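Let's take a walk through a protein together. Have a look at the sequence and the structure, and then we will go from the whole fold to single residues.

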Amino acid sequence: MDGGSTGSSLIQPACNKLGCGDLNILIERDRYLARTSGVRATIWTLDELLASYV
């Protein structure tokens, strides 16, 4: 709930209209990368706001 890899609290991404679902995608990617090694994980999206956090 601290905003994940966005570098800010949950409130700031919400104010920028980044939804909780999008934030959850970022956090899950970070959690996946933390438990694996040698893997590169990217998020494919057409959403410009979400893409700016990738």
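Here is a short tour, beginning with the overall layout. Keep in mind that this is a predicted model.

What is the order of the elements from the N terminus on? They run α-α-α, and the protein has three helices and zero strands. The protein is made of 54 residues, and buried residues make up 17% of them. Its accessible surface comes to about 4000 Å², and carbon and sulfur atoms account for 54% of that area.

Contacts tell us about the fold as well. Take the contacts in the protein with a separation of 6 or more: 42% of these come from residues 24 or more positions apart.

Now let's zoom in on helix 2, which covers residues 20–35. Arg-29 is found in this helix. Is Arg-29 buried or exposed? Its relative accessible area is 14%, and buried means under 20%, so Arg-29 counts as buried. The side chain of Arg-29 also makes a polar contact of 3.2 Å with the side chain of Asp-30.

Trp-44 has a relative accessible area of 74%. Because the cut-off for exposed is over 50%, Trp-44 is classed as exposed. How far is Trp-44 from Val-54 in space? Their C-alpha atoms are 8.9 Å apart, while in sequence the two are ten residues apart.

Definitions and conventions:
Residues numbered from 1 in each chain as written. Predicted model: local features only at pLDDT ≥ 70, side-chain atom pairs only at ≥ 80, totals over all residues. Heavy atoms only, no water. Helix = DSSP H or I, 4+ residues; strand = E, 2+ residues; numbered from the N terminus. Buried < 20%, exposed > 50% of the residue type's maximum accessible area, 1.4 Å probe, protein only. Contact = heavy atoms within 4.5 Å. Areas by Shrake-Rupley, 256 points an atom, 1.4 Å probe, with all protein chains shown as cover. Polar contact = N/O pair within 3.5 Å; in protein donor to acceptor, adjacent residues only side chain to side chain.
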